[in-house]
Amino acid sequence: MQVTQLRIYPVKSLGGMDVESAAVEPWGLEGDRRWGLVDEMGEKVTARELHALLGLRAEAVDEETIRIHAAEESILVDTPLGLPPIPVSHSRQGFAPPADEDVSAWISERVGRPLRLVWQEEPRMRRMSGAHGGREGDTLSLADAGPLLLTSQASLAQLEEWLAAEVGEPDPDGLDPDDISAESAGAGPGALSMLRFRPNVVIDGDIPFEEDAWPTVRIGDVDFRTAETCDRCVMVTIDPETLATGKEPMRTLARHRRWDGKTWFGTRLVPLGAGELRVGDEVAPLL
C-alpha cells in the first residue's frame, strides 16, 4: 500500500490544498488547521452550519503567510504579530489572536455573515480529548478531534458500490436528521470525491475499511497510533465543488457503517514521532 494524496487545510472548514510532502508535527501536518473562524461573540463557525465557507480555499504561501481564494479573487493573510488574543469557543483553546480586520471583513463579505479569522499561536496548549483517544501529552491543532485523518481509496470504492446497488432504498433506522440535508440533490451512483471526507492522508488500500483495525501504522518513516475511527457529520453530504447538499452518501454509509449512534469513515491518527510524509510513501500496518 502507498500514499496517493496528501492534503492540508490551512483554515478550518475552508477548502485546502494538495501537497507532495508535509512535515509531521505532534499536532498534525505542518500548516494544517492553524486558522479558524469565529462569530462576533467568539463562537466557532464551521462549514457544518455555513456551507459557503467551502466555497473559499486557503493555501500556504510560506511559514508566516497564507492566501485565501474566492473564485478569481484572493487576499494575503499574515500571522498576527502583537495583537491581543480574543476569546474563542474552540474546545480546550480559550483564546486566539485575530487576523487583521480587513481580512475578516473580506471573508465576511464573501460568505454573507460577520466572521473573524483567528490563528492558533501555540498548538501545544490544546490538549487532545481522551474521549477521542487522546493520551497524556497529545496535542491538537484546531482540528475537531485528532491530529491527522487517514482515508482509503479501497473504502471509498466500496461505498460507491453500495451507492450504486442501493439507489432508492429508504433511510436507515436511527439516522440522525442533523447528519443529512432534506434536499434531494447531492451524491448519487458513480464517483465520489474523497474531498467530501476532508482527509490529510489518502492511501490506496487493499481491503475496504481494514484501516479501522490498525492499532498503529507506519507511513514512510513515521509511526502513528490510531486514536479512533472517525465519526462523520453533515459535511460529507456537501459536494465540495458545487456546494449542493443531499442525503447521500451519509444514508448509504449509515446502512453499513453505523454503530453507537454514529456513522464512521476514516481513522484519526496521532503521530508517534517526527518526520516527513510524501506522496508515494509505503504504508505498513504495525499489528
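User: Which residues form one aromatic cluster here?

Analyst: W162, F197, F209 and F265 form one aromatic cluster. The model is predicted: local features need pLDDT of at least 70, side-chain atom pairs count only at pLDDT 80 or more, and totals for chains, interfaces and linings use all residues. Residues are numbered from 1 along each chain as its sequence is written, and side-chain values use heavy atoms, with hydrogens and water left out.

User: How many aromatic pairs are there, and by what rule?

Analyst: Rings of Phe, Tyr and Trp (its six-membered ring) pair if their centres lie within 6.5 Å; planes under 30 degrees apart count as stacked, over 60 as edge-to-face and the rest as tilted. In one of them, F197 and F265 are stacked, because their ring centres are 4.2 Å apart and their planes stand at 25°.

User: Where in the chain do F197 and F265 lie?

Analyst: Helices (H or I, at least four residues) and strands (E, at least two) are DSSP runs, numbered from the N terminus. F197 sits in the loop between helix 2 (153-165) and strand 13 (201-203), while F265 belongs to strand 17 (residues 262-271). The pair thus links distant parts of the chain, 68 residues apart.

User: Is F197 buried or exposed?

Analyst: Buried means under 20% relative accessible area, exposed over 50%, and partly exposed in between (1.4 Å probe, protein chains only). F197 is buried, with a relative accessible area of 0%, and F265 is buried with a value of 0%.

User: What is the arrangement of the rings of W259 and W264?

Analyst: The pair is stacked, because the ring centres are 5.6 Å apart and the planes at 15°. W259 is partly exposed, at 36% relative accessible area, whereas W264 is buried, at 10%.

User: Which residues of helix 1 are buried, and what covers them?

Analyst: An α-helix has 3.6 residues a turn, so residues three or four places apart point the same way. In helix 1 (residues 101-111), the buried residues are V103, S104, W106, I107, S108 and V111. Their cover, judged by contact (heavy atoms within 4.5 Å), includes strand 5 (35-38), strand 7 (65-70) and strand 11 (116-119). After helix 1 comes G112, whose phi is positive, near 75°.

User: What does the chain contain as a whole?

Analyst: Its secondary structure comes to three helices and 19 strands. Buried residues make up 54% of the 287 residues. Of the contacts with a separation of 6 or more, 72% join residues 24 or more positions apart.
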